Amino acid sequence: MYVSRYHRQPDLGASHALIDAHPLGAWVVPGADGLVANHLPFLLDRSRGPFGTLLGHVSRANPVWRQLDAAAPSVVMFQGPQAYITPGWYPGKAEHGQVVPTWNYAVAHAHGIARAIDDEAWLLDLLARLTAANEAGQPVPWQTTDAPETFIRKLARAVVGIEIPIDRLEGKLKASQDEALQDRQGTVQGLAAVGSENASAMARLVQQAMQPNSAGD
């Protein structure tokens, strides 16, 4: 991934937080006939390795787990807030006209060698942890123990675990850091007026990036 000096995200905690908030990753791995892409919800285990370890599962019918090569790297891409930025929000449009549209976004790319885990106890533990993480915001969180044990074990046998120790984690925050300050302020106002969840999240990121101690400035 190309990352300019303006858009580097060197903060490991920020990249981890993005993965936690947007756990559906686009996992790309070499296959027998070229690159293979799958979209999986991952659990990030921060305690394992310098950058953490990603844990997930695929259907047993998915051939990807049988094609994994112990020497072949893979990458999982996590997409955070993103928004189109119109030059109509820039005061610079009226002053000099030298402005163009752009797209702001936050992403994290986790690189590592994936391995398949076909172990019932490991999978049952993963399913319980993954469920707990994603049910945490519910008024009454559902747990795997709420379903009959035989039913959960049957479903667990239909999937195979995927484990990816992260050996490189790239973060990129494109939040108007290379624009003039007044245009960045106009971007915040414009995104706030849009009012969508994505626009509001990006407005906050642009504001944060304007702070003197923010990364990339």
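Strand S5 (residues 74-85) pairs with strand S6 (residues 102-112) in the antiparallel sense over 10 bridges. Helices (H or I, at least four residues) and strands (E, at least two) are DSSP runs numbered from the N terminus, and two strands pair if DSSP finds at least two bridges between them. The model is predicted: local features need pLDDT of at least 70 and side-chain atom pairs count only at pLDDT 80 or more, whereas totals for chains, interfaces and linings use all residues. Residues are numbered from 1 along each chain as its sequence is written, and side-chain values use heavy atoms, with hydrogens and water left out.

Within this pair of strands, Gln79 stands opposite Val107 in S6. Both strands belong to an open sheet of five strands in the order S2-S1-S5-S6-S9, with antiparallel pairing. Strand S2 (34-41) and S9 stand at the edges with a single partner strand each, so one side of each is left without a neighbour in the sheet. Neighbouring strands of the sheet are turned by 20 degrees against each other on average, direction ignored. Helix H6 (residues 197-209) lies across S5, S6 and S9 and runs at about 95 degrees to S5. Axes are lines fitted to C-alpha atoms, for helices over the stretch in contact (heavy atoms within 4.5 Å), and angles run from 0 to 180 degrees between N-to-C directions.

In strand S9 is found Gly171, which counts as buried at 9% relative accessibility; buried means under 20% relative accessible area (1.4 Å probe, protein chains only). Leaving aside neighbours within four places in sequence, the contacts of Gly171 include Met1, Val3, Gln9 and Val107. The C-alpha atoms of Gly171 and Met1 are separated by 9.3 Å, although these residues are 170 residues apart along the chain. Ser176 is found in the loop between strand S9 (168-174) and helix H5 (181-194). Ser176 has a positive phi of about 65 degrees although it is not a glycine, and is buried, with a relative accessible area of 2%.

The largest pocket has a volume of about 470 Å³. A pocket is an open set of points on a 1 Å grid over the protein atoms alone, where a 1.4 Å probe fits, with protein on both sides within 12 Å along at least five of seven lines; lining residues have an atom within 4 Å of a point. Of the 22 lining residues, the closest to the centre of the largest pocket are Gln9, Ala14, Leu173, Leu205 and Gln208. H6 gives the most to this lining, with six residues.

Note on methods: Buried means under 20% relative accessible area, exposed over 50%, partly exposed in between (1.4 Å probe, protein chains only). Grid points are joined across faces, edges and corners, and a volume is the space filled by probe spheres set on the points.
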